[in-house]
Amino acid sequence: NECTSLEEVNFDDNSSITSIKELTFCSCSKLKQITIPSSVVTIEDSAFSGCISFQKIKIPSSVTSIGSSAFRQCTKMIQITIPSSVTSIGSYAFYHCYSLASYSIPQTIESINEYALFGCSSLRHITIPSSVTVIADGAFAKCTSLTQIAIPYSVKSIGKYAFSECFAMKRISLSLSVKSIGDYAFNKCLSLSQISIPSSVTSIGENTFKECSSLIKITIPS
């Protein structure tokens with residue numbers, strides 16, 4: 001934690017480490033490279049938070065969970081590879097990863113947790129897999145380069161501020177599985193011109209489309 005001169009970490013090939021503990025490399029601001037050994041099963045809360053020199057990292061297929069704020073404010077990280085072995089990614093996991101341009105959600109994830117990708121302003125495209133049932137509060141808020149999103153049939157709820165301030169978002173496709181849309185969910189989606197609310201929706205929150213200044217057509221079920 002806060003080893004500000006540390007630039008590289010190498011583990012022994014026969015490492016028996018099963019977990020990178022909470023705050024282990026937090027704020028190691030010069031850490032540029034690390035190879036996570038294949039013995040690791042969990043990356044705990046804030047393990048790499050504030051590693052502002054990271055550019056790329058590969059998560060081995062042994063890992064099943066990534067904790068809250070695990071890579072929070074890794075502001076130079078361009079790419080992260082997450083294997084299908086991962087079943088849980090915590091809230092704020094990639095919060096303010098401004099440079100993250102490539103990100104793939106594993107088919108094993110059921111929830112995109114609170115503020116998981118908040119402020120990932122370089123992210124242009126993302127596919128939400130059919131395993132996801134919940135898009136939690138602020139999950140994609142301030143992803144200002146994201147142009148379109150398709151919500152799969154598995155998703156039942158979209159949380160508060162989920163896509164708030166996605167300024168470039170032109171198209172949102174909602175499936176018939178969605179039942180609730182939270183407050184401010186699409187607030188300030190300035191490029192959104194039309195949207196159709198499926199008949200499955202029974203609840204639309206306050207200010208859901210506030211300041212969607214390009215919105216000229218909206219279809220709301222009876």
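1. Pro198 is buried, at 8% relative accessible area. Buried means under 20%, exposed over 50%, and partly exposed in between (1.4 Å probe, protein chains only). Pro198 lies in the loop between β15 (194–196) and β16 (203–204). Strands are DSSP runs of E, at least two residues long, numbered from the N terminus.

2. A note on the basis. This is a predicted model: local features need pLDDT of at least 70, side-chain atom pairs count only at pLDDT 80 or more, and totals for chains, interfaces and linings use all residues. Residues are numbered from 1 along each chain as its sequence is written, and side-chain values use heavy atoms, with hydrogens and water left out.

3. What does Pro198 touch, leaving aside neighbours within four places in sequence? Its contacts are Leu174, Ser175, Leu176 and Pro221. Contact means heavy atoms within 4.5 Å.

4. The largest nonpolar core has 66 residues. Such a core is a set of buried Ala, Val, Leu, Ile, Met, Phe, Trp, Tyr and Cys residues joined through side-chain atoms within 4.5 Å. Phe140 is among the members that touch the most others. Beyond four places in sequence, Phe140 touches residues including Ile105, Leu117, Phe163 and Cys166.

5. One salt bridge is counted: a side-chain nitrogen of Lys or Arg within 4 Å of a carboxyl oxygen of Asp or Glu. Lys21 pairs with Glu44, the closest N and O atoms being 3.5 Å apart. The pair links distant parts of the chain, 23 residues apart. Lys21 is partly exposed at 49%, and Glu44 is partly exposed at 25%.

Methods: Helices (H or I, at least four residues) and strands (E, at least two) are DSSP runs, numbered from the N terminus.
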